Amino acid sequence: MFISRVEIPWSAVQNPYEIHRRLWRLFPGEASESRQNRHDERHGFLFRMEDYQAGRPARCLVQSRQRPTSVPSIQTLGCREFHPRPQVAQRLAFLLTANPIKTIVDTQQDANPDKRPNKQNQFKCRVPLIQEEQQRAWLARQLTAAVDIESVTVLPHSPLYFRKGGQGGKIVTATFEGVLQVKAPDGLLRMMESGIGPAKSFGCGLLLV
């Protein structure tokens, strides 16, 4: 895998929805994401925002399977190849910005006539988890198959507002930072490669250790 630090001009990413689309330009020929569920192998890349302030270039950390190419609209500040090899019982510091959510039955489906039910004829929707205790529990559930969390600090963020197809939306994110102990190295590698949780196109899910 490769880890790169890049900058994108503010004029190109005033709408956060555009950041992911811009980053795709670094990987011409890369297959678009086609996973049907979180257990499928991920294509493309993961990224996290390191700096995103009005009027300044957006700075991103990008993890990818292939080395990014040079494109005029994006400045690559650095890139290196890495091959993580976690070991059982190894203690590692970790950093993760994620979108902790839960899925509930939507009782307001009449407000969205285009929404389709699932196989159980239920209308589901995602709602953010905003209490720290809920966010910690969410993180533990996501990681429990591969690691034990020894300690973690939760940093909440203001909602991220975006526009998609003429409609507005928002996501609520949090950054988790702490120490973990490896139980299943292969499972941890899959998590690092595939990401954690939803909203990956908005810079969530990249697990750094």
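Trainee: Which residues touch the most other members in the largest nonpolar core?

Mentor: In this predicted model, L139, F176, L188 and L207 touch the most other members of that core, which has 21 residues. The elements giving two or more residues to the core are β5 (91–98), α2 (132–143), β8 (147–156), β11 (174–182) and α3 (185–194). Apart from it lies another core, of 15 residues, with F45, F47, A58 and C60 among them.

Trainee: What makes such a set of residues a nonpolar core?

Mentor: The members must be buried nonpolar residues joined through side-chain atoms within 4.5 Å. In general, nonpolar side chains of soluble globular proteins tend to be buried together.

Trainee: Which residues does L207 touch, not counting residues up to four places away in sequence?

Mentor: L207 touches F94, L95, L96, L143, L188, M191, M192 and I196. In α3, L188, M191 and M192 are among the buried residues, as are P185, G187 and S194. Just after α3, G195 takes a positive phi of about 90 degrees.

Trainee: How do you know that β5 and β12 pair?

Mentor: Pairing requires at least two bridges. β5 and β12 (residues 207–208) have 2 bridges, in the antiparallel sense, and therefore they meet the criterion. In these bridges, L96 has L207 as its partner, and L95 stands opposite L208.

Trainee: How many bridges join β5 to β11?

Mentor: There are 8 bridges, and the two strands run antiparallel.

Trainee: Why are β8 and β12 called edge strands?

Mentor: The open sheet has 4 strands in the order β8-β11-β5-β12, with antiparallel pairing. β8 and β12 each pair on one side only, and that makes them the edge strands.

Trainee: Why is N15 called buried?

Mentor: The cut-off for a buried residue is under 20% relative accessible area. N15 has 8% relative accessibility, so it counts as buried. N15 is found in the loop between β1 (2–8) and α1 (17–23).

Trainee: What does N15 contact beyond its neighbours within four places in sequence?

Mentor: N15 is in contact with Y52, F162 and R163. The C-alpha atoms of N15 and F162 are separated by 5.7 Å, although the two residues are 147 residues apart along the chain. The side chain of N15 also reaches the backbone oxygen of R163 at 2.8 Å. The limit for a polar contact is 3.5 Å, and the 2.8 Å separation therefore falls within that limit.

Trainee: What joins the side chains of D51 and R56?

Mentor: A polar contact of 3.3 Å joins them. Leaving aside neighbours within four places in sequence, D51 is in contact with R56, P57, A58 and R59.

Trainee: Which residues lie nearest the centre of the second largest pocket?

Mentor: R126, F162, K170, I171 and F202 lie nearest its centre, out of 21 lining residues. The elements that give two or more residues to this lining are α1, β7 (124–128), β9 (160–164) and β10 (167–171). The largest share, 5 residues, comes from β10. The volume of this pocket is about 670 Å³.

Definitions and conventions. Residues numbered from 1 in each chain as written. Predicted model: local features only at pLDDT ≥ 70, side-chain atom pairs only at ≥ 80, totals over all residues. Heavy atoms only, no water. Buried < 20%, exposed > 50% of the residue type's maximum accessible area, 1.4 Å probe, protein only. Contact = heavy atoms within 4.5 Å. Polar contact = N/O pair within 3.5 Å; in protein donor to acceptor, adjacent residues only side chain to side chain. 1 Å grid on protein atoms, 1.4 Å probe; cavity = no way out; pocket = protein on both sides within 12 Å on 5 of 7 lines; lining within 4 Å. Points joined across faces, edges and corners; volume = space filled by probe spheres on them.
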